[in-house]
Amino acid sequence: MVEEVISSVNKPKIKAARPKAVYYWTVSDVQKWLRRHCSDYYPLYWDKFQQHDITGRALVRINENTLLRLGIVNSEHREAIWREIMKQRLKTDIMEIRDLERQNSYNYD
């Protein structure tokens, strides 16, 4: 057991790979996101996202009217999906801000 602890301490730490930016998501990536974050509604609406070729770039531009035009007529479902899209937008904005801050700190060093 001591050897296991020592060997794990000596192993180099690997940074977790950064997730792909939402702007580069494919239709398949959006399907995975929809299944994970809107699992209650995925069976009902995955085909609507698929039929309209919703990529990550399109996803973050969607608003409630867009969801209605996609055919999501149930207001509760639409609001729940919209909430998840807004969370994804916020995550994306935060990542972009952190990137800018990192770039600025490198420029000042």
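Mentor: Buried denotes a relative accessible area under 20%, exposed over 50%, and partly exposed the range in between (1.4 Å probe, protein chains only). By that scale, aspartate 99 is partly exposed, at 23%. This is a predicted model, in which local features need pLDDT of at least 70 and side-chain atom pairs count only at pLDDT 80 or more, while totals for chains, interfaces and linings use all residues. Residues are numbered from 1 along each chain as its sequence is written, and side-chain values use heavy atoms, with hydrogens and water left out.

Trainee: What is a salt bridge, and how many does the structure hold?

Mentor: A salt bridge requires a side-chain nitrogen of Lys or Arg within 4 Å of a carboxyl oxygen of Asp or Glu. The structure holds three. One of them joins arginine 102 to aspartate 99, with the closest N and O atoms 3.1 Å apart. Arginine 102 is partly exposed, at 39%.

Trainee: Where do glutamate 84 and lysine 87 lie?

Mentor: Helices are DSSP runs (H or I, at least four residues), as are strands (E, at least two), numbered from the N terminus. Both residues lie in helix H6 (residues 75-108), three residues apart, or about one turn of the helix. Glutamate 84 is buried at 15%, whereas lysine 87 is partly exposed at 44%.

Trainee: Which residue meets lysine 20 in a salt bridge?

Mentor: Aspartate 29 does, at 2.7 Å from N to O. Aspartate 29 is buried, at 15%, and lysine 20 is partly exposed, at 43%.
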